[in-house]
Structure formats: C-alpha cells, structure tokens
Amino acid sequence: MTTLQPAGARAPHGLPARILPGAGRVARQAARRLVLLAVLLAGVFAAIELFPGDAAGATSDRGVTSADLAARRTALGLDRPVAERFWDWMTGLPTGDLGTTARGRHVTDVLAGPFPNTLLLGTLALALSTAGALALGSWATLRPGGRTDRAIDALSTAAYALPEFVVSVALLLVLSQWTGWLPAVTLTGPDGRPESWTMIVLPLLSLAIPQIGWNTRIVRGALADQAALPHVQAAILDGLPRRRVLSHHMLPGALPAVAVGIATSAGMLLGGTVVVETLFNYPGIGAILAGAITDRDTPLVAGVVAAAGAAISLLLLIADLVRTTALGDERR
Amino acid sequence: MTADAPTAAAPAPATRRTGRVLVRAAPALALVVLALAGPLLAPHPIDTPVTFPYAGPGDGAALGGDQLGRDVLSRLLTGGAPLIATALAIAVVVTAAATALGILAALRPRLGRWIERAADLTILLPSVLAIMLIALAWPAGGRLAVAAAATLLGVPYAVRIVAAAAAPIAAAGYVEAAAAGGERLWHLMVREVLPNLRSTLLALFGLRFVEGVYIVSVAAFLQLGPQPPEADWALMIRENAAGITLNPWAVGAPCLAIGLLAISVNLAAEALAPARPTPETPL
C-alpha cells in the first residue's frame, strides 16, 4: 500500500513537496560521502599493512626472542590476514568500537581524554576563522577597490601562506616573550584539561590566523561574484542602504561558496592542531598521534584518521545541504 | 580612426601588467637566489660549535649560537636551499602531472569523473596526517617520502583546476575540428589545448610551490624529513624552541625566513593568476 502512495500525498504531513527532490539529493550525497570515507579508511589500513615492520616489533623491548615476538603477534591478532582484520575493524565502527591499540588498550579509551581538548581547540578556531572571515570579507566588499579592500586582500594573501608553527613562534615571541601577557606552554590539570583559559589563546590564534586569511579570500570572491548579479545591481540602483544590500541581497547567495570554504578549512585545522599542540605542549590528539606513528600502531592511527575523516565528511555534507537549499530557493 | 583607438590602447595595459607581475615576483626571486647561494656566504661551518649553547648575538656570531653553540647565521644561510629545492621539485612534478592528466580529462570526460572522485577523497585526509602515514609506511624515505606524500595529495586537486580551465578550450570549435580531422590525442593535447592554458598553469605552479613550502616545512618541524645534524629552517625552529628565552634569534631568524619565503612566493603566485574578469560596482 505505502509503496504505491504518490509522492504528493506525503506533503500534508509537514514535508513540503518542494524540498523532496532536494532531500533525495542530500541522501545520495550522504551515501556518496560515506562510501568515500570507507575507501579512504581501506586505503589507510592497506598502506600501513603493506610496508615492512609491524606493531609487535615496534612495541617490544630490544633483544626479545623471535618466539616471544611471534607470541606477541598472535596476541595482537597480527597473524590473521589483513582483509579479515580490516573487516572486523570496519564492522566494529558503527558500534563505536575502534579496536585495540598495539599496547593492549581500547582505542576509544586512549582517545577519550585528549580528543575533547582537540575538538574544543578545533571548534573554537573554526568559529573564530568563520566570524573573522565574514567580518573582514564584508568590510572589504563595502569599499570595493578602496584602501581597506586592498589592505585586507594583501594581508589575507600573506596570512594563508604561513605555516601554523611560524605564526605560533611569532605570537609566542610577541605575546609571551616580550610582553609576558600569555603563558608560553599549556599546563595540564589533574582532570586532563588545560589549567586555565589563557593557555588556549595562543594555540587558538596560531590555528585561526592562516584560516582567517584563506576564508576571507573566499568570502571576498563570493561576494564579488554576487555584486555582479542583476538583483543586487537593482537593489543598489533602488538606493537601499549598502549594509542592507550586503546582508539581505549578497550574503545569502554567497553562502554556498563560503560553506564549502569553511568545510575545507576544517581539514587544514585538524592537520594544524597536530603541529600547534606539539609546540605548545597542549594535551590533545597530536601527541597521541606522534606516539602511534613510532609504534606502528595501525588501529590507533586508523582511529584518528577515521575521526578526522568523519568530521570533515560531516562538514562537507552540511556544505552540500546549504548548496541544495540555496539552489532550491533559486528554482522557486 | 575610432576603430583604431582600442587596438592602439590595448598593448599598454598588457605591458603594465607584465611589469607589475615582475615587481611582485621580485622579492620571491631574490629570496630564492639568496637561499640557493647562501651556503657560499656562510662564515662558519654548520656542524662545529663556535659559541657556548644559546649564546646571544656577538663575538663573531651575528645571530648567536644554537642549542649546541653552532653559528645560527651560517645554519640559516645553509638551511634554505634543501627546503626550497624540495618544494620546487614538488611544484614541478605536480604541475606537470596535473597538466597532462587535466587536459586528458577535458578531452576524455569518463577519466575526468574518476579524477573528480580522487580529488573528493584526498580532501578527507589532512595533509599533515598523510605525511605521517607515508613516514610510517616508509621510515627510511626522509625527504623523498615527504615529497612523494605531497605529490600524491596535490595531484588530484591540481588536475581538477587544469581540467576546469581546459574544458571550455576542449569544447571550442577549432579543437573539435582538429579531432574530426583525425588528429591524434597527443597532437590535440600539446598543440591545440596546452598553448591556451599558460596563465592557469603559471598560477597553479606558484600555488603548488606555496603548498610545497608548507608541507616540507611542517614535515621537517615534525622531524619526519631531514634528520638532526642537517641545517634546515623548520628543524632549527623545533630544535631551538627550548632556548627561546636565551637566544630568541635561534628560533626567530629561521621563523622569519620561512614566513618571508611563504608570503613572497604567495604574492608572486597571486600576481600571476588571471585577474578578476569584471570590475565591481561600488555599493
């Protein structure tokens, strides 16, 4: 019965018929993002497994016998085929089981402490770079070709080229070394969190400044494209206040491009946190990851890559959603 | 007369643009030449102590000493060449591969769809994680492993840019005429499409160089590329970070060098990029 129901019959249940094709497209996009994530994880798993050396050797003490090594390999399950281990790991993912590290702890337990710290730092940096980019991009757009526009253009071009650790050292010298305003290293309290909020400021700024540069250029470009559109030109000729033209006529149209820019920023921020956490001794996944690399700890590295990939996929999906909604509005 | 006016006026902006590009690219070129010639100018050997650890500037060491008392200025002059050479190699390989694959993708759409998927895939893997993975899989790789990771990650995205620029050219009448005339694929790629992609490729090369500097220096900072006795700007920052209070120059000078290199190369790449097509109406 239900399968024969015409599509229009579902509209009274609160789902407007207009967004139904959009919803289907989003479901398809979500499925596509999931498949891409699975392919990436398979690639990562294979890359670590195909090369010589393994976790049993890397985490054992020097001078153990080959029999001990073989026993350890069996205990870690490394004697089973790669495909089988990958399948076990993938089927465990939906239940929240990321597997066991080479040192015998659950990956979820190892990540549970530092991951919220990295998430806090990353989310704050993403929020700060979004707000900063929207403000600077809009400010420049209000005065196209003027001195402010050119200054913001030059500064954002310079900022996004800088590696995070270079920004970190510059900020460290100025805000900590010479003025003494902020602490140079993060001290971790007994609960595993940074001891005071002042310790988050320097890592946060180091991460956000290059991304503000990147996103400002995207916001500025998207707004410039919008400025050339007929309905914006008409609003300007009608003599509407320029702030209103910007907020009601240009920003909504620029949103899809800006959303994609922010989603790509997330990947760069996640990479940047590893570097910045190392420099400031911040208690995040950066240190865990560095240790996992030396130990050749496949489940732990794959767990971090899975978490990062899932976060980026989610943001890209939101960007897809924004674009679908915007295009739907345009069609109406 | 009126018909002649636009054609007569046209060359002037073009030469002005070339002049502006040269002015904007000059700092980057000067810095690259200085870094490549640097080893010849170094006053001290890079691997023997000339001061006590973290000594301040003075006493024959203009920028002081590092954590082992080695001359910071000499190490600064020596440490740029390998970084720049690796970044240049990455930019050349990625641009060349992306040019070939991008034009091919524009002429053969089925291949184009696969390249789109590969680009979507690489977005999910932050470049720092990718370098760590390659270093994990290939511990003895050193600089080569970092360059391989940067190339592997950079190509799909770069191909997407070349393919987007080549698509309208591939659809142009003269290319279709050449294809209908039975010209080989190779001829279509090199003779018909490539010559029209010059400005896109120059800008792409510049941006890939910026990206190369970023990846190579971040990898060195994470101690994944060059190994300790070597002089390398990023490695100097990592090694001397502990002594930042004693001799700020040991960290600040290489930091300034990487910052200036990244910014000047990025400004040069910006100048090479095609200008925004339409001027904006003031609000």
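**Exercise 1.** Locate B:T86 in this predicted model, and decide whether B:T86 is buried or exposed.

*Solution.* 
Step 1. Find the element. B:T86 sits in helix α4 of chain B, which spans residues 81-107.
Step 2. Apply the cut-off. Buried means under 20% relative accessible area. B:T86 has 11% relative accessibility, so B:T86 counts as buried.
Step 3. Check the side chain. The B:T86 side chain reaches the backbone oxygen of B:P82 at 2.6 Å.
Step 4. List the contacts, leaving aside neighbours within four places in sequence. They are B:R143, B:A147 and B:V216.

**Exercise 2.** Work out the surroundings of A:S168: which side chain does its own side chain meet in a polar contact?

*Solution.* 
Step 1. A:S168 belongs to helix α8 of chain A, residues 164-178.
Step 2. Judge burial. Relative accessibility is 0%, so A:S168 counts as buried.
Step 3. Name the polar partner. The side chain of A:S206 makes a polar contact with that of A:S168, at 3.3 Å.
Step 4. Widen the view. Setting aside neighbours within four places in sequence, A:S168 is in contact with A:S206, A:V276, A:L279 and A:F280.

**Exercise 3.** Describe how α8(A) packs against α9(A).

*Solution.* 
Step 1. Two packed helices are described by the angle between their axes and the distance between the axes.
Step 2. Read them off. Helix α9 of chain A covers residues 198-227, and its axis comes within 9 Å of that of α8(A), with a crossing at roughly 130°.
Step 3. Classify. This angle makes α8(A) oblique to α9(A).
Step 4. The crossing of the two helices is right-handed.
Step 5. Identify the residues. From α8(A) come A:E164, A:V167, A:S168, A:L171, A:L172, A:L175 and A:S176. Their counterparts in α9(A) include A:L202, A:L205, A:S206 and A:I209.

**Exercise 4.** Which residues touch the most other members of the largest nonpolar core?

*Solution.* 
Step 1. Take the core. It holds 145 residues, and A:F165, A:V305 and B:W233 touch the most other members.
Step 2. Find the main contributor. Helix α11 of chain A, residues 242-280, gives the most to this core, with 14 residues.
Step 3. Follow A:F165. Not counting residues up to four places away in sequence, A:F165 touches A:V275 and A:L279 in chain A, and B:S217, B:V218, B:F221, B:A234, B:I237 and B:I258 in chain B.

Methods. Residues numbered from 1 in each chain as written. Chains lettered and ligands numbered in written order. Predicted model: local features only at pLDDT ≥ 70, side-chain atom pairs only at ≥ 80, totals over all residues. Heavy atoms only, no water. Helix = DSSP H or I, 4+ residues; strand = E, 2+ residues; numbered from the N terminus. Buried < 20%, exposed > 50% of the residue type's maximum accessible area, 1.4 Å probe, protein only. Polar contact = N/O pair within 3.5 Å; in protein donor to acceptor, adjacent residues only side chain to side chain. Contact = heavy atoms within 4.5 Å. Core = buried A, V, L, I, M, F, W, Y, C linked by side-chain atoms within 4.5 Å. Axes fitted to C-alpha atoms, helices over the stretch in contact; angles between N-to-C directions. Parallel < 35°, antiparallel > 145°, perpendicular 65-115°, else oblique. Left-handed = near helix turned anticlockwise from the far one by under 90°.
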